[in-house]
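I opened this entry to record how the parts of the structure pack against one another. I worked by looking up one contact at a time.

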Amino acid sequence: MSTLHLSPDTTPNTALLMQGVRFGYTGADAATLNLDRLSLQRGERLMLRGPSGCGKSTLLSLAAGVLLAQKGTVELMGREWAGLSAAQRDALRVDHVGYIFQQFNLLPYLGVLDNVLLPCRLSKRRRERAASVHGPIEGAAAALLDALELPTALHRRPAAELSVGQQQRVAAARAMIGQPDIVIADEPTSALDEDRREGFMRLLLDQCTRAQSALLFVTHDARLARHFERVVELSGVNRVDQGVS
Amino acid sequence: MNSLLRIAFSSAWHRRLALSLVVLSLALSTFLLLTVERVRHDVRDNFSNAVSGTDLIVGARSGAVQLLLYTVFRVGQPTQTIEYKAVQALQKDPAVKWVLPISLGDTHRGFSVVATTPDYFEHFRYGPRLPLALSEGRPFEDVFDAVLGADVAQQLGYALGQRIVLRHGSGALDTADHDDMPFTAVGVLARTGTPVDRSVHIRLEGMQALHVDWVAGMPIPGAKRTSAQEAKAMDLAPRNVTAVLVGLKTRGAVFAVQRRVQAYEGEPLMAVLPGVTLDELWGTIAQAEQALALMSILVGIVSLAGLMAVVMTALEQRRRELAVLRSVGAGPRWVLMLLLTEGLLVSLSGAALGATAWALVLWAGGPWVQAEYGILLRFGLPTAREATLCLSVVMAGIAASLWPGWRAYRLSLADGLAPRGA
């Protein structure tokens with residue numbers, strides 16, 4: 001942690017900070033994202049709302065350090081992505097970030113438990129944190145799956161056999177294992193029907209609270225706003241998007 | 001590393017149907033490579049083993065390879081005979097230590113009959129210069145004694161005292177049976193792994209007795225058949241032999257003796273050096289061997305192309321999988337390693353399967369090859385060269401995975417957590 005450097009706007013409580021970020025896939029002129037400032041405090045629940053195609057996925061890839069901004073800074077837990085090597089970014093991501101996709105979250109050929117344990121396999125920090133609470137990491141995975149109300153009988157099943165709702169809960173368990181500092185969820189409820197959506201939100205938020213993880217939740221569904229302390233309209237912060245739509 | 005292997009295995013197992021076809025074709029090419037190599041190697045071994053103590057083979061003038069093949073390995077066309085006087089002349093040569101005249105042409109139930117002198121058991125050498133040994137019985141003494149090769153006794157279930165009817169020629173016509181003069185098995189030779197095992201050995205006098213009534217390969221029509229007892233009373237000194245195996249006092253004299261044989265005035269003779277002639281033989285079949293080896297390599301290349309195609313095609317459908325792996329901290333290099341590991345697993349399975357099939361075929365088919373062609377294929381651990389062949393299949397499999405691996409690397413870099421087109 002010798003390279004930890006805090007910018008003036010960063011406090012030790014900041015989980016994610018994006019400032020003056022500009023990103024385009026095909027060159028500087030066709031910017032997809034142009035963002036002044038977005039921050040997420042530790043333990044905070046932030047909902048980022050916007051219609052599809054407004055740069056949400058790009059923003060999340062930047063936040064998770066998969067893409068690097070062409071301009072501006074993106075810091076995760078006080079470390080700037082741009083200052084790290086590719087391997088360091090991969091390590092920092094799995095150490096601190098749990099990620100939930102819209103759908104197809106699981107590796108179909110692994111069992112449910114093995115899917116949940118993936119971050120522990122690739123990160124010592126996640127493995128140790130999972131073990132510190134539950135002993136063996138398999139116990140931690142099982143406890144999370146129980147908390148997310150996935151029947152024990154399914155734990156050893158291949159992931160491909162699960163329903164969509166069950167798969168999303170397994171994905172949530174994988175994002176939460178080893179208490180990452182920040183959970184990023186990219187429309188995780190869009191494939192779920194109304195009842196399952198409410199159930200999933202309740203379980204996800206419970207677990208984030210228990211693990212004291214910050215939650216960056218992206219959705220186009222305004223009805224979910226009541227679950228969050230803070231809601232940001234992406235169109236309000238992304239200046240590129242304002243001009244287009 | 002452990003998790004990489006585990007994930008690679010699970011992922012490959014998930015696509016086992018397509019990959020198993022690749023494994024099969026890799027197994028086939030491994031099998032071909034190993035088989036060509038083993039046959040090539042063992043055929044050479046067999047041939048060199050069969051003539052290890054003989055310095056020169058003397059026969060009627062024809063092709064050197066033909067003479068060697070017929071007299072030592074009993075394959076190919078019979079050569080003309082030479083007069084026994086030539087044998088006696090050879091024996092008087094000061095550089096010659098021993099001569100083994102042999103007369104071929106008769107068979108017993110598909111096995112060759114070798115008529116020779118009792119010296120055969122003393123001077124003939126095979127393999128690493130080993131002398132012949134009897135596993136039971138004694139060498140031939142009487143005109144109608146026969147000593148059996150190990151395979152003859154075993155395959156025909158013969159014991160000492162067995163009466164044997166020889167047949168003139170290669171055995172197609174039963175009218176050519178020498179049934180009026182049966183032989184008796186008096187000895188069985190220990191196994192040598194050479195054509196000796198597949199031969200019935202008799203005295204030259206026995207061969208002479210068989211043919212007293214014969215002219216030009218046929219019994220004289222209408223003539224009274226001579227009985228065995230009558231034949232024994234006749235002069236059975238051999239008049240012709242097929243060839244003479246010659247041992248010298250010093251190997252250094254080999255070319256001088258060869259020249260003297262070529263210059264023999266009684267009839268046109270030739271003397272061939274078995275080693276040199278074998279090299280000549282390998283030279284002529286090297287092209288066929290190379291063609292076989294090339295074919296195996298081509299099958300290998302096609303298999304590798306198949307591996308590449310199957311992995312490459314699947315990659316498009318695996319972009320989602322790569323994104324998930326990226327989200328849990330797998331870097332592009334990890335993804336590359338995943339693909340290479342998959343290539344390793346597939347080619348390792350292919351090589352292992354091919355080698356197993358090869359070992360099974362050697363084990364099950366070896367006896368048949370020996371019975372049919374007289375060539376002993378070793379069944380045992382792979383040689384260093386064969387192990388290298390297996391290893392190169394595996395290495396080639398990994399190399400063939402480099403391209404899909406590189407593509408996966410690029411895809412996972414470009415897609416990040418948002419796979420497009422998946």
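**Helices of chain B**

I began with the residues where two helices meet: B:Arg319, B:Leu322, B:Ala323 and B:Arg326 in α11(B) touch B:Ala408, B:Leu411, B:Ser412 and B:Asp415 in α14(B). By class, I found this contact to hold 4 nonpolar, 1 polar and 3 charged residues. I note here that the model is predicted.

Next I looked up the geometry of the pair. The axes of α11(B) and α14(B), residues 402-415, come within 10 Å and cross at roughly 65°. That angle makes α11(B) roughly perpendicular to α14(B). The crossing of α11(B) past α14(B) is right-handed.

I then asked which residues join α10(B) to α14(B). Helix α10(B) spans residues 274-317 and packs on α14(B) at an angle of about 15°, the axes being 9 Å apart. The two helices, α10(B) and α14(B), are therefore roughly parallel to each other. I recorded their crossing as right-handed. From α10(B) the contact takes B:Met308, B:Val311, B:Met312 and B:Leu315, and from α14(B) it takes B:Trp403, B:Pro404, B:Arg407, B:Ala408 and B:Leu411. I sorted the residues of this contact into 8 nonpolar, no polar and 1 charged.

I noted that B:Ala408 and B:Leu411 are listed in the contact of α14(B) with α11(B), and that B:Ala408 and B:Leu411 are also listed in the contact with α10(B).

**Domains of chain B**

I looked up the division of chain B: domain 1 covers 2-46 + 285-415, and domain 2 covers 51-280. Taken over C-alpha atoms, the centres of domain 1 and domain 2 of chain B are separated by 49 Å.

**Contact between the chains**

How many residues does each chain bring to the contact? I found 17 residues from chain B and 24 residues from chain A. On the side of chain B that touches chain A, α1 (2-14) and α11 (319-327) of chain B each supply at least two residues.

**Antiparallel sheet of chain A**

I turned to chain A and found 4 strands in an open sheet, ordered β2-β1-β4-β5, with antiparallel pairing. Its edge strands are β2 (33-41) and β5 (79-80) of chain A, each of which pairs on one side only. Within the sheet, β1(A), residues 14-23, and β4(A), residues 71-76, pair in the antiparallel sense over 5 bridges. I located A:Gln19 opposite A:Thr73 in β4(A). Helix α1(A), residues 56-63, packs on this sheet and touches β1, β2 and β4 of chain A. The direction of α1(A) makes about 125° with that of β1(A).

**Parallel sheet of chain A**

I found another open sheet in chain A, with 5 strands in the order β6-β7-β8-β3-β9 and parallel pairing. At its edges stand β6 (97-100) and β9 (230-233) of chain A, each with a single partner strand, so one side of each is left without a neighbour in the sheet. Neighbouring strands of this sheet are turned by 15° against each other on average, direction ignored. I checked the pairing of β3(A), residues 45-49, with β9(A): 4 bridges join them, and they run parallel. A:Met47 stands opposite A:Val231 in β9(A).

Last, I looked up α1(A) again. Helix α1(A) lies across β3, β7 (182-186) and β8 (214-219) of chain A, running at about 160° to β7(A).

Key:
Residues are numbered from 1 along each chain as its sequence is written. Chains are lettered from A and ligands numbered from 1 in the order in which they are written. This is a predicted model: local features need pLDDT of at least 70, side-chain atom pairs count only at pLDDT 80 or more; totals for chains, interfaces and linings use all residues. Two residues are in contact if their C-beta atoms, placed from the backbone, lie within 7 Å. Axes are lines fitted to C-alpha atoms, for helices over the stretch in contact, and angles run from 0 to 180 degrees between N-to-C directions. Angles under 35 degrees count as roughly parallel, over 145 as roughly antiparallel, 65 to 115 as roughly perpendicular and the rest as oblique. A crossing is left-handed if the near helix is turned anticlockwise from the far one by less than a right angle, and right-handed if clockwise. Ala, Val, Leu, Ile, Met, Phe, Trp, Tyr, Cys and Pro count as nonpolar, Asp, Glu, Lys and Arg as charged, and the others, Gly among them, as polar. Two strands pair if DSSP finds at least two bridges between them. Domain bounds come from an automatic or database domain assignment.
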